[in-house]
Amino acid sequence: MTSALHFIGGLILYLVYQYGLLFTIGTAGYPSESLSSIIVIGLVPVLLVASIFNRYFYRKTGNV
């Protein structure tokens, strides 16, 4: 759980901030970049799976 939080915690905070601004003030603040962070959404599940594999292999081998 901790490794998953380390992997995706910052991205979750980034997405909450970006989409929070988008929903509160709309696209008036930055019209050309309103959906520029949509790529980060795809990284969240990928990094979650990577953190699970990382933790599994660390416990199995004892090596990062």
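Here, buried means under 20% relative accessible area, exposed means over 50%, and partly exposed lies in between (1.4 Å probe, protein chains only). This is a predicted model, where local features need pLDDT of at least 70 and side-chain atom pairs count only at pLDDT 80 or more, while totals for chains, interfaces and linings use all residues. Residues are numbered from 1 along each chain as its sequence is written, and side-chain values use heavy atoms, with hydrogens and water left out.

**View 1. Methionine 1, in the segment before H1.** Helices are DSSP runs (H or I, at least four residues), numbered from the N terminus. With a relative accessible area of 84%, methionine 1 is exposed. Its C-alpha atom sits 9.7 Å from that of leucine 48, 47 residues along the chain.

**View 2. Helix H1 (residues 2-25), end to end.** The 24 residues should span 34 Å at 1.5 Å a residue, and the end C-alpha atoms agree, at 33 Å apart; the expected span is 1.5 Å times one less than the number of residues. After H1 comes glycine 26, with a positive phi near 75 degrees.

**View 3. The buried residues of H1.** They are Ala4, Ile8, Gly9, Leu11, Leu15, Gln18, Tyr19 and Leu22. H2 is included in what covers them, going by contact (heavy atoms within 4.5 Å). Residues three or four places apart point the same way in an α-helix, because there are 3.6 residues a turn.

**View 4. Valine 49, in helix H2 (residues 38-61).** Valine 49 counts as partly exposed, at 42% relative accessibility.

Definitions and conventions
Helix = DSSP H or I, 4+ residues; strand = E, 2+ residues; numbered from the N terminus.
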